[in-house]
Amino acid sequence: MPTALVTGATAGIGRAYARRLAAEGHDMVLVARDAERLGELADRLQTRHNVRVEVLTADLADAAQRAQVAARVGDVDEPVDVLVNNAGFGTGGAFWDLSTDVLQRQLEVNVAAVLELTHAAVRQMRERGRGDVINVGSVAGFFTASGSTYAATKAYVIAFSEGLATALTGTGVRVMALCPGFTQTEFHQRAGLEMSKLPRAFWLQADQVVHESLADLRAGKPVSIPGAQYKALVAIGRLIPKKLQRMVVTRTVPGRT
Ligand SMILES: NC(=O)c1ccc[n+]([C@@H]2O[C@H](COP(=O)([O-])OP(=O)(O)OC[C@H]3O[C@@H](n4cnc5c(N)ncnc54)[C@H](OP(=O)(O)O)[C@@H]3O)[C@@H](O)[C@H]2O)c1
């Protein structure tokens, strides 16, 4: 059976990936900080889908714990066939009001973990001539004029994944950036963002995001943007000059990060 490793598997999009990949018959390695939630999900997936589930409790903001997860990803004796770098978080409030500690942790989880785990995966996958890596970016990564450090981390994820996908052409290893728009998960509550005014049409469901992303991955796309509304938004955004984007942000976004 192929094995999939999902970071941030305890909630939201990561949990939806874990459920879907286990249902497809993958043995699973689940990574997050909350050991109790990981254990509960592992039991459920084992019982429901009769797959092997391994749990790795790790804080991906911590270099040593990240290295342990990278070692598992790169283990050639128990190879990971699908890596989903999903763990990540946003922050409400202006850059200058946030502590450098929080901003550094965001960089470690949203960027360093993606880089290090992808590195470990691609090495063993190239040798085996197959493997899939999904790096979860965001539609926000296309709109960095907002001045958000979160958007900047996601711009990195998109640029990195797209470039690596090209570099790996012909090796049997696929890399894709998944760029969801607003998705109903614990993300906004954790970030302290008030979202009650967002029109319903903009909300995506985690299962839908996962479903579209896997279809895009299997169709060989380097970037996946689930939902027609977000495909349109990104396409329009690309046509708007940076100068105009900056003007819009200056008038509408009071220092969001
Ligand atoms: N929801 C959206 O609107 C949206 C839109 C675009 C992109 N995204 C991206 O989608 C990804 C998943 O987010 P989500 O919406 O599913 O959020 P979520 O419901 O808050 O889930 C986040 C997951 O990441 C894990 N995590 C957070 N910090 C971690 C750390 N330091 N070490 C290990 N695991 C950590 C959490 O588990 P523990 O707390 O147990 O560690 C949890 O499983 C993120 O990369 C996010 O940036 C979300």
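This is a predicted model: local features need pLDDT of at least 70, side-chain atom pairs count only at pLDDT 80 or more; totals for chains, interfaces and linings use all residues.
Residues are numbered from 1 along each chain as its sequence is written. Local features need pLDDT of at least 70 and side-chain atom pairs pLDDT 80 or more, while totals for chains, interfaces and linings use all residues, and side-chain values use heavy atoms, without hydrogens and water.

Select α4 (residues 100–128) and α5 (residues 149–167); helices here are DSSP runs (H or I, at least four residues) numbered from the N terminus. The two pack at an angle of about 10°, with axes 9 Å apart. Axes are lines fitted to C-alpha atoms over the stretch in contact, and angles run from 0 to 180 degrees between N-to-C directions. α4 and α5 are therefore roughly parallel (angles under 35 degrees).

Next, show the side chains between them.

Now select the ligand. Of the 31 residues around the ligand (a heavy atom within 4 Å), Thr10, Arg33, Asn86, Tyr150 and Thr185 come nearest. A polar side-chain atom of threonine 10 lies 2.7 Å from a ligand oxygen atom. A side-chain N or O atom of arginine 33 is also 2.7 Å from an oxygen atom of the ligand. For lysine 154, the distance from a side-chain N or O atom to a ligand oxygen atom is 2.9 Å. The ligand taken alone exposes 880 Å², of which the protein buries 97% (Shrake-Rupley method, 1.4 Å probe).

Finish with α6 (187–191), which gives three residues, the largest share of the shell around the ligand.

Methods
Angles under 35 degrees count as roughly parallel, over 145 as roughly antiparallel, 65 to 115 as roughly perpendicular and the rest as oblique. A polar contact is a pair of N or O atoms within 3.5 Å; within protein, one must be able to donate a hydrogen and the other to accept it, and residues adjacent in sequence count only if both atoms are side-chain atoms.
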